[in-house]
Amino acid sequence: MLNKENLATINKQIPIPTFDRASLKSGIVHVGVGGFHRAHQAFYTHLLQEKGDAAAWGICGIGLRKGDQKIHDVLQKQDGLYTLIVKHPDGKIDSQVIGSIIDFKLGHDTPDVVIDQMAHPDTKIVSLTITEGGYNFNSSTGEFDFENADVQHELQHPKDPKTIYGFLTAAIKKRKEEGLPAFTVMSCDNIQHNGDVTREMLLAFANRQDKELAEYIDKEVSFPNSMVDRITPVTTQADIEYLESTYDLKDEWPVTCEPFIQWVIEDNFSNGRPEFEKVGVQFVPDVKPYEKMKLRLLNAGHSVLGILGAIHGHPTINACMEDDLFVTYLRAFMDEEATPVLDKLEGIDLTAYKDSLQERFANPNIKDSVSRICSESSAKLPKFLIATIQDNLANGGSIKFATLVIAAWCYYSDKGIDKNGNPIEIIDAMQDQLHAAASKTNTDPLAFIRQESLFGNLINEDKFTSLYSKMVQKIYKDADIKKLMKQA
């Protein structure tokens with residue numbers, strides 16, 4: 001069993017933390033301890049601690065939802081330890097035990113525990129991986145959603161927060177009252193300008209709750225933008241069994257990932273930061289061009305493969321990349337539609353970057369499911385793909401590759417089956433709304449894109465609506481997506 005008592009035995013098989021975990025303080029409080037956080041930020045923090053002199057930067061994980069109970073229980077049982085399994089394209093597998101997470105607290109029933117942790121003098125950074133949907137903004141207008149029932153509750157009951165905004169304001173207020181410096185709020189989610197978005201949403205909430213506190217946040221709290229990247233599939237039972245059979249190691253929730261890793265951060269912190277540059281993190285004055293590159297190429301590329309692959313029946317992203325037509329289509333989308341709308345990038349060879357994306361997507365040992373990639377598409381596609389369509393419409397560029405993906409998304413949301421009639425697993429907070437709109441397509445070909453919160457004013461763009469209408473009607477007539485990909 002993976003725990004601190006068994007580390008000496010485990011070390012005979014795979015690397016374990018060499019630093020003194022007992023000396024670590026929780027300088028980082030992280031909300032949303034999923035696979036990505038553990039493969040990325042927690043891994044970088046572990047690397048820094050391995051170099052020594054980073055005892056102030058242990059991580060206390062935070063779960064705000066009832067669904068976080070399982071990871072809490074596993075990490076508590078394993079003393080915060082977990083195994084990172086890195087799968088290389090050539091079949092090589094590297095495994096090691098990560099030790100940067102030293103505590104985990106749940107806030108859905110005991111909010112004071114989390115507020116106190118965020119307000120603790122040791123806490124210098126509160127970081128977030130809460131998915132795009134956790135930021136509570138209208139994807140079309142960018143405005144904070146005050147209609148959210150949890151938001152309405154915590155505005156009336158500030159000592160009983162439900163969302164990240166209620167917890168942050170409660171903790172910041174407590175620190176302010178106790179004369180402690182403000183912590184940095186560091187978003188690590190795939191949202192363009194994630195720090196700016198977090199700041200804007202928190203200030204909108206705080207202004208409604210406590211204007212004096214909002215003024216303090218505006219002046220004292222830093223929200224660095226960051227760009228993060230590492231493909232991290234959902235852990236499978238096979239991953240758990242691999243550790244048991246290979247190393248006789250029982251880890252109830254290991255993490256698997258690719259070897260590639262990248263983190264670009266705006267150097268803007270309220271109360272100190274780890275020296276992540278010592279382990280390969282890039283600090284820059286402006287992250288925005290790098291964010292946009294990653295969102296419009298990697299994340300959008302994933303969605304292109306995922307939506308089209310789901311309808312065709314490909315189960316994983318690497319299976320899509322074993323299909324020459326999908327490879328050709330992906331590269332055409334990246335070259336002809338995504339690349340022309342990117343900003344100037346210092347120190348980046350875009351051709352090499354796109355080549356690396358193809359290699360990463362094709363990694364046969366990652367087997368990232370299309371269902372995971374397509375999950376919460378309603379939160380992802382407005383930023384990853386629809387924005388590219390809007391930019392190309394403004395610039396007179398190509399929109400045909402991305403438009404077919406939107407048409408396919410409509411069919412996907414309506415029918416929920418692939419071309420062979422097999423059910424597709426759909427995971428989306430807006431699933432019912434998406435289905436309701438898509439189901440009207442036979443009588444109104446533009447019904448799906450009338451959802452202004454997702455598509456903005458695209459319904460008024462004749463070039464787009466004409467192309468979309470033709471494509472969606474062809475998909476409904478014949479769900480052979482490869483035939484349509486060839487025609488694009």
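A salt bridge here is a side-chain nitrogen of Lys or Arg within 4 Å of a carboxyl oxygen of Asp or Glu. By that rule, domain 1 and domain 2 have 3 salt bridges between them. The model is predicted: local features need pLDDT of at least 70, side-chain atom pairs count only at pLDDT 80 or more, and totals for chains, interfaces and linings use all residues. Residues are numbered from 1 along each chain as its sequence is written, and side-chain values use heavy atoms, leaving out hydrogens and water.

**Layout**
- Domain 1 covers 4-285 and domain 2 covers 288-487, with bounds from an automatic or database domain assignment.
- Their centres, taken over C-alpha atoms, lie 29 Å apart.

**Interface**
- Contact (heavy atoms within 4.5 Å) joins 34 residues of domain 1 to 30 residues of domain 2.
- The buried area is about 2,500 Å², and carbon and sulfur atoms give 57% of it.
- Buried area means the accessible area (1.4 Å probe) that two parts lose on being put together, summed over both.

**Charged pair**

**Domain 1 side**
- Helix 8 (194-209), strand 8 (226-229) and strand 10 (262-266) each supply at least two residues of the side touching domain 2.
- Strand 8 gives the largest share, 4 residues.
- Helices (H or I, at least four residues) and strands (E, at least two) are DSSP runs, numbered from the N terminus.
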